Amino acid sequence: MKAFAALYAELDATTSSNAKLAALQAYFADAAAEDAAWAVYFLSGGRPRQLVPTRLLRELAIALSGLPEWLFEESYQAVGDLAETVSLVLPDSSHSSEAGLAWWMEHELLPLRGLPPEELTQRLPPLWQQLDRQSLMVCLKLITGSFRVGVSKLLVTRALAQLAGLDSKRVAQRLVGYTDLSHRPTAEGYLKLIAAESDDEHAQRGGQPYPFFLAHALQQPVEQFDTLLGPCDQWQVEWKWDGIRAQIVKRDGHLWVWSRGEELVTDRFPEFQALTCLPDGTVIDGEIVVWKASEGTEDEPPSVQPFALLQQRIGRKTLSRKLLDDIPVALLAYDLLEYEGKDWRSQPQQVRRDMLEQVAARAASPVLHLSPMLHGESWADLARQREASRRLGVEGMMLKARDALYGVGRTKDMGVWWKWKVDPFTVDAVLIYAQAGHGRRASLYTDYTFAVWDGPPGTERTLVPFAKAYSGLTDAEMRQVDAIIRRTTVEKFGPVRSVTPTLVFELGFEGIALSKRHKSGIAVRFPRMLRWRHDKPVEEADSLATLQDLLS
Amino acid sequence: MDLVIARPEGLYCTAGDFYIDPWRPVPRSVITHGHGDHARVGNGHYLATDIGAGILRSRLGADINLQTLAYGEKLVHNGVTLSLHPAGHVLGSAQVRLEYQGEVWVASGDYKVEPDGTCEPFEPVRCHTFITESTFGLPIYRWQPQAEIFEEVNQWWRENAAAGKASVLFCYAFGKAQRLLHGIDASIGPILTHGSVEPLNRVYREAGVHIPATHYAGDFKKTDEALRSALIVAPPSAGGSTWMRRFGDYSDAFASGWMRLRGTRRRRGVDRGFVLSDHADWPGLLWAIEQTGAQRVMVTHGSVNVLVRYLRDQGLDAQGFTTEYGDEDEAATEPQPE
């Protein structure tokens, strides 16, 4: 635990990728395989389900620190992270456990799950006493499931690849599914990650998907596309669907569905079991969307329903018959990664697409559709077609070079995918509530609730909250806004402050829908601050009518 | 009538008709220490410790109307007996003891309870009413012994020097810089200072505090080999300036009590955060309050509401004093001048 905590501290302290890479390599070079197995798991985003209920953790911390509950809460508000707060208020320990991460996870922490409160209350304090403060904080973060450190999976992959003398794409492939909840890190599993390549490796993958190839944002004006991208006929153009990116893997008579987070979601989408008709050794990349059969007009894309509907299905643990009937899904396929058991990722885009069309035609399934290709005479022509995006419920277009190979993650060395998104919806809204942020924003008021007027200027009207946003400001702006919030606070409700409305921001968001759950009757997707409207008085902010216009 | 009340100009001694650390110009002022938020220009008359006089004059002007007292020396003004006692914060820092018709008030200014060898250690003064600061008034703030922190700094400097990298240590120029210089292992490499740090080093040296030999960083060229193993002590304002370019590939660190929290440490964007403060931590505040024996406690700048509520729960008569040293939780957002 100590070595892992030291690694955490080192990774946390620097913003340099090279320094992080060096720290990772040094750790993996020294660590026992079973410890390294767990380190890879946590560093690449693995999170076991919460081991101890948060409430119990709080109560125990309060009891052990001897603090009144309100003072613990004040402390938590200042720190912004429960695990860190607990680690800071617990009494100092003079011990420092030498046991490794794997031993801690397997013998001390994982067995805690599901224990009755009385037993947890007995077991946790002696555990904590064995740890120095840094290890204690890391241990608490593992317990609460809030372990996060500024390392990308790609960086972990690179560190392992360099250590093992392997191509990092190979390691990325082996890492797929490593952080899935059903997977338990073991020494053996870790040694396989860094083992020399073997011939039968490809055959032993079971249901594993490939690392997803991710797109880069294209933000230049369309006039520059010819210079930047060359002629548009060199590109495969599709709509950018607003659904869940997924791979469908069919091997050995079984079918698996993986989401972009490399989470196995087969059970959430039973519809796709119909695709067991695909030949063994087929992997398709595409987008899961809600699909309804209805007569579309000619320029209408297939019957894709808004993301809001899909959202209603995602969170459900059990899927009722009714839900499956009301919100049926289908896959809009856009790439073929494996065919006849062979890795097709090093085939050019166009070749993969041609074969994908054949595979889809043979399957002839109502839950498998091709993502249609769009054609334009020029980039300007495509830009005109793209204006229909909002109406069609898509986010814009995807541009894929016809000769591009299928890369790993957000890389450009194998070829490029561009996402050419439409501009977000915008509205000028008033900041009315603020709450302190977490992590590096702890103790700063950075999470805001925004409102618009419920009537036109000159009438008696009030501000109606409709969105929360916390991203888009620079650090300097954040500090300025924080100071204004403190100066203009009207009331405090727990961690939330209401303020005298003085601040207007241009908010951007991706989608808008009617909602019964919001006071304003409207829900927006991915709201964020585009800019601070210093020039706009509160009276000139937008009204609900503006939002309602966007709905149609 | 209370002996000290909060007025728009600052903390005011009613019977004595003078202010303690006023933030607006007043005819008569008592200054606890030379930091900018406590010692301001424009007062008609200043009273401070003799040890702090040099610093006050260098910051506020040589021609200020300044009267000085030794620690413990008594002065009677309008019937109020006034004396200054060590606050352990920075060189010359004082608590102000006021006695009037048998009632004793003590205003702490800023204070720290761990002796550090660069200034007279904090001395608890018995009183009926204690006016305390509360900069780090939350139980999450508990300091490690400073020797451990100095060892962390030494270790960081040694590792950088071994890797051929300059070590840039950001800290406030008055107090923190000298405490660090006094505490670290000066044999590791050359020590360079920013132009704002050196005049204060001189004042400390003149006061008999050991500060190792330092060089003015501006005298060094980027190519100078000495930089590769040097420790550079600079104020936070130097960070990100062109002045920093001369140090090439350096590692940077910030020394402050705020570095105790991961969030503030990361916001600083430095490689290392050393938890070293010239203010009392939570146990320090509670210990100091207890030592005074005061039944009444007035809480100023920092976590006012928290400390007031906590002390009331302990059965003390506590209340907040509104000052312009900072809003009650604003202190947590940005490192304050310490």
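Predicted model: local features only at pLDDT ≥ 70, side-chain atom pairs only at ≥ 80, totals over all residues.
Trainee: Which residues of α16(A) are exposed?

Mentor: Start with the buried ones. Gln349(A), Arg352(A), Arg353(A) and Leu356(A) are buried. They cover an arc of only 100 degrees around the axis, so they sit on the same side of α16(A). On the other side, the exposed residues are Gln358(A), Ala361(A) and Arg362(A).

Trainee: What do the buried residues of α16(A) pack against?

Mentor: Take the buried side, which includes Leu356(A). Its partners are strands of chain A: β2 (235-239), β6 (329-339) and β10 (396-401).

Trainee: How far apart are the end C-alpha atoms of helix α16 of chain A?

Mentor: The helix has 15 residues, 349-363. At 1.5 Å a residue, it should span 21 Å. The model agrees, because the end C-alpha atoms are apart by 21 Å.

Trainee: Which element gives the largest share of the side of chain B that touches chain A?

Mentor: In this contact, 18 residues of chain B meet 26 residues of chain A. Two elements of chain B give two or more residues: α5 (262-268) and α7 (304-313). The largest share, 4 residues, comes from α5(B).

Trainee: How far apart are the C-alpha centres of the two domains of chain B?

Mentor: The assignment gives domain 1 (4-141 + 278-332) and domain 2 (146-274). Their contact takes 17 residues from domain 1 of chain B and 14 from domain 2 of chain B. The distance between the C-alpha centres is 29 Å.

Conventions:
Residues numbered from 1 in each chain as written. Chains lettered and ligands numbered in written order. Domains from an automatic or database assignment. Contact = placed C-beta atoms within 7 Å. Expected span 1.5 Å × (residues − 1). Buried ≥ 20, exposed ≤ 12 C-beta atoms within 10 Å, placed from the backbone. Arc of directions from axis to C-beta.
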